[in-house]
Amino acid sequence: MRVLMLTLLLNAAPPPSGTAPVSALSSVEARARPAASIAAEPVAPETRARLLRREVAQVALAQVKAFDAAWQPAQRDCAGLIRYAYRTAYRRVAAERLASPLWRDARGGPSDFADAETLISRSFAPLGRGEDAREQLRTGDVVAFRQEHDAGPVFHLMLVVRPEDRAHAPARVVYHPGEAGARVRTGVLDSLATEAPLEWRPVPANAAFLGFFRFKEWMS
């Protein structure tokens with residue numbers, strides 16, 4: 001999906017030295033066993049959810065430095081980043097879930113592909129648009145926008161990465177701007193809400209902001 005380039009603080013390169021992607025995870029998570037050994041053993045639902053979020057964060061933040069070869073160039077846009085991060089996380093932690101598609105198509109049927117609009121309308125549930133909802137965000141949640149253009153509406157998604165220990169690091173967004181050949185970018189969520197041009201701020205005053213969303217399977 002093609003979207004306009006977002007020119008603001010979030011377009012900065014990866015976090016500077018000392019705040020590399022792994023630092024966005026808690027020290028406990030960073031010491032966890034390799035995903036391959038975890039996936040081979042049964043895990044409790046709560047533990048699996050934490051592991052999935054950890055892997056989503058690691059996969060998404062890794063793309064800021066360099067694209068995984070497994071992420072096909074034709075799939076590299078904002079929705080493609082979410083699909084790739086989720087699918088890779090499930091493959092590492094709960095591969096049995098991939099026996100059926102993760103997503104729903106526009107008619108609600110199982111699908112391996114969903115564009116940005118279809119993801120948030122069929123596979124993700126709205127959490128709200130206000131500050132309370134923003135405070136409840138967890139890794140894997142999505143920030144969604146709809147920009148109006150002459151050719152029609154363009155949807156844009158950003159993936160949230162938030163450590164469980166909030167004192168450890170601030171919540172971040174990770175996103176692909178949608179342009180062919182563009183790099184994945186990351187920045188602090190609070191900066192997006194206060195320093196971005198209004199049309200890109202995740203605040204109720206911005207009519208282009210659709211809200212925060214969570215994968216339906218992670219709502220419990």
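Analyst: **The sheet and its surroundings**

Strands β3 and β8 are paired antiparallel, with four bridges between them. Two strands count as paired if DSSP finds at least two bridges between them. Strands are DSSP runs of E with at least two residues, helices are runs of H or I with at least four, and both are numbered from the N terminus. The model is a predicted one: local features need pLDDT of at least 70, side-chain atom pairs count only at pLDDT 80 or more, and totals for chains, interfaces and linings use all residues. Residues are numbered from 1 along each chain as its sequence is written, and side-chain values use heavy atoms, with hydrogens and water left out.

G128 has F212, in β8, as its bridge partner. Both strands belong to an open sheet of six strands, paired antiparallel in the order β3-β8-β4-β5-β6-β7. Its edges are β3 (124–128) and β7 (185–188), each of which pairs on one side only. On average, neighbouring strands in the sheet are turned by 35 degrees against each other, direction ignored. Axes here are lines fitted to C-alpha atoms, for helices over the stretch in contact, and angles run from 0 to 180 degrees between N-to-C directions.

Further along the order, three bridges hold β5 and β6 in antiparallel pairing. L159 has V174, in β6, as its bridge partner. β6 and β7 also run antiparallel, joined by four bridges, and R172 is bridged to V188 in β7. In a regular strand the side chains alternate between the two faces of the sheet. β6 is covered on both faces: R172 and V174 are buried on one side, V173 and Y175 on the other. Buried means under 20% relative accessible area, exposed over 50%, and partly exposed in between, using a 1.4 Å probe and protein chains only.

α5 lies across β3, β4, β5 and β8 and runs at about 65 degrees to β5. R134 counts as buried because its relative accessibility is 13%. Setting aside residues up to four places away in sequence, R134 is in contact (heavy atoms within 4.5 Å) with R162, L189, D190, A193, P202, V203 and F212.

Next comes the nonpolar packing. A nonpolar core is a set of buried Ala, Val, Leu, Ile, Met, Phe, Trp, Tyr and Cys residues joined through side-chain atoms within 4.5 Å. The largest such core has 40 residues, and Y86, Y90, F124 and L157 have the most contacts inside it. Two or more residues each come from α3 (45–65), α4 (78–93), α5 (116–123), β4 (142–149), β5 (152–161) and β8 (209–215). The biggest contribution is that of α4, with ten residues. A second, separate core of 15 residues includes F145, L189, L192 and F212. In soluble globular proteins, nonpolar side chains tend to be buried together.

Apart from neighbours within four places in sequence, F124 touches I82, Y86, W103, L119, G140, V142, F213, R214, F215 and K216.

The charged pairs come last. A salt bridge is a side-chain nitrogen of Lys or Arg within 4 Å of a carboxyl oxygen of Asp or Glu, and by this rule there are nine. One of them joins R50 to E164, with the closest N and O atoms 3.1 Å apart. Since R50 lies in helix α3 and E164 in the loop between β5 and β6, this pair ties together parts 114 residues apart in sequence. R50 is partly exposed, at 39% relative accessibility, and E164 is partly exposed too, at 40%. A network of salt bridges links R50, R138 and E164.

Another salt bridge is formed by R92 and E55, whose closest N and O atoms are 2.9 Å apart. R92 is in helix α4 and E55 in helix α3, so this pair links distant parts of the chain, 37 residues apart. R92 is partly exposed, at 29%, whereas E55 is buried, at 2%. E148 and R146 form a salt bridge as well, with the closest N and O atoms 2.6 Å apart. E148 is exposed at 51% relative accessibility, and R146 is partly exposed at 33%.
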